[in-house]
Amino acid sequence: MPYITEIYAREVLDSRGIPTVEVELFTESNIFSRVQVPSEYDVKNLMEFRDKDSLGVTKAIESINKMISKALIGEDVRDQLKIDSKMNKIDPSLNKSKLGINSMMAVSLASSIAASSYSKLNLYRYYGGMKSNKIPTTIFDLMIDPIDLIKKVSIVPLNFDTFKDALKAVSKIRYNIYSVNALMTNRDSNSLKFNSTKELFDRINSAISITGFNQSDFTIYLELNPSNYYNNETKTYKIDGKELTNIQYIDYIDKLVKQNNIGLIKNVFIDSITEDYKKLYKRIGSKTLLPIDINPYYDLKKIEKLSKDRYTNTYILKLSKFATLTDFIETYKALNSFGFILIIESSLGEIESTLLSDLSVGLNANLIDFGSLEHNESISKYNELLRIESDLNSINTYSGKKYK
């Protein structure tokens, strides 16, 4: 039977070269699972266990090897709710100051992988069952250097039947964006610099046309950086040499979105839960997504209040901001039930595991954001999506325009 016999943790590195936790879990039926946990390091309020004198995770490893392991020996890995509830019972604190969220999530994920193996199901099927039959609409970071008000630019392929075709299209467009000045091969400098917002969008539009696609086949996702141009003393936004009031700034954003095929725009204001966001949502929310990171503390009542206040139409979820897989899934389902569009996003400190691909397909996520085609931890997740698509063996497997 799939009863836990041993849980062992060690320190490994995440995509930033910063230590994170890896867990190995063993069962009576000789099922074995191994997983690394993604990390943020700067998770607000919640306790990601780190060593005081370094970035190490020795404290998190001790939490697993000395406390969590002893508590879970003999538990059935198929009972995810019981395993996660037991860890929450050991540490009922809101910020998980006794066990640490990186310790808890590592064990939680390892249990789900072992359960999937024992059940002889692909991981995405284990998470979602037979209703999981689509690859979520995918956001690809174009690796553009910050410019003016823009921090990050991503492209979202829409008018494609398969993820494989969408991925090929983005790869071609990325090549053409870079190839104007010859494709760079130095990974450490593999990002483009532009002198203006207009030059940036002209290059993207040109690359789309050269590749043979239409502008309507894609949409753009912008992440802004208002701390660079917001004046806290005058409460104005300095853009193109002009000081804009809140209303003028909303007018500017409205125009920017309409002129440049922008379907998603993030971090428009310094704070996300404000009356300004409400005004912006009323202005452009019917056609444009306004992603905001969800607070992992939010329970059903707070999520219901969000649905009534309507600061936004879209929330972002990251595994690294939750203590257990159950917490993550319950928050996802609650937000989904209130009509929010959801983006499952990779973490600041990503790992080589492809679990996030399976989880996203299993939950039928609206959109996913795993980063650029530059980094191995992102490529591994995209390759897993290709494998899942092959396993689905269907013609129309990519959500594309149907993400809403």
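Modeller: Contact here means heavy atoms within 4.5 Å. Keep in mind that this model is predicted.

Biologist: Then let me start with helix α8. Which of its residues are buried?

Modeller: Helix α8 spans residues 275-284. Its buried residues are Asp 276, Tyr 277, Lys 278, Leu 280 and Ile 284.

Biologist: What covers the buried residues of α8?

Modeller: The cover includes two helices, α7 (246-259) and α9 (300-309). It also includes the strands β10 (262-266) and β11 (291-293).

Biologist: Now helix pairs. How are two packed helices described?

Modeller: By the angle between their axes and the distance between those axes. Take helix α1 (residues 58-72) and helix α2 (residues 80-90). Their axes come within 10 Å and cross at roughly 135°. Angles over 145 degrees would count as roughly antiparallel, and 65 to 115 as roughly perpendicular. So α1 and α2 are oblique to each other. Their crossing is right-handed.

Biologist: Which residues make the contact of α1 with α2?

Modeller: From α1, Ile 68, Ala 71 and Leu 72. From α2, Ile 83, Lys 86, Met 87 and Ile 90. By class, that contact has 6 nonpolar residues, 1 charged and no polar.

Biologist: I see gaps in those numbers. Why do residues three or four places apart point the same way in an α-helix?

Modeller: An α-helix has 3.6 residues a turn, so residues at that spacing point the same way.

Biologist: And α1 with α3? At what angle do their axes cross?

Modeller: Roughly 50°, with the axes of α1 and helix α3 (residues 101-118) coming within 9 Å. That makes α1 oblique to α3. This crossing is right-handed. On the α1 side, the contact uses Ala 60, Ser 63, Ile 64, Ile 68 and Leu 72. On the α3 side, it uses Asn 102, Ser 103, Met 104, Ala 106 and Val 107. The classes are 7 nonpolar, 3 polar and no charged.

Biologist: Let me try a single residue. Is Thr 219 buried or exposed?

Modeller: Residues under 20% relative accessible area count as buried. Thr 219 has 6% relative accessibility, so it is buried. Thr 219 lies in strand β6 (residues 218-224).

Biologist: How far is Thr 219 from Ile 329?

Modeller: They are 110 residues apart in sequence. In space, their C-alpha atoms are 28 Å apart.

Technical notes:
Residues are numbered from 1 along each chain as its sequence is written. This is a predicted model: local features need pLDDT of at least 70, side-chain atom pairs count only at pLDDT 80 or more; totals for chains, interfaces and linings use all residues. Side-chain values use heavy atoms; hydrogens and water are left out. Axes are lines fitted to C-alpha atoms, for helices over the stretch in contact, and angles run from 0 to 180 degrees between N-to-C directions. Helices (H or I, at least four residues) and strands (E, at least two) are DSSP runs, numbered from the N terminus. Angles under 35 degrees count as roughly parallel, over 145 as roughly antiparallel, 65 to 115 as roughly perpendicular and the rest as oblique. A crossing is left-handed if the near helix is turned anticlockwise from the far one by less than a right angle, and right-handed if clockwise. Ala, Val, Leu, Ile, Met, Phe, Trp, Tyr, Cys and Pro count as nonpolar, Asp, Glu, Lys and Arg as charged, and the others, Gly among them, as polar. Buried means under 20% relative accessible area, exposed over 50%, partly exposed in between (1.4 Å probe, protein chains only).
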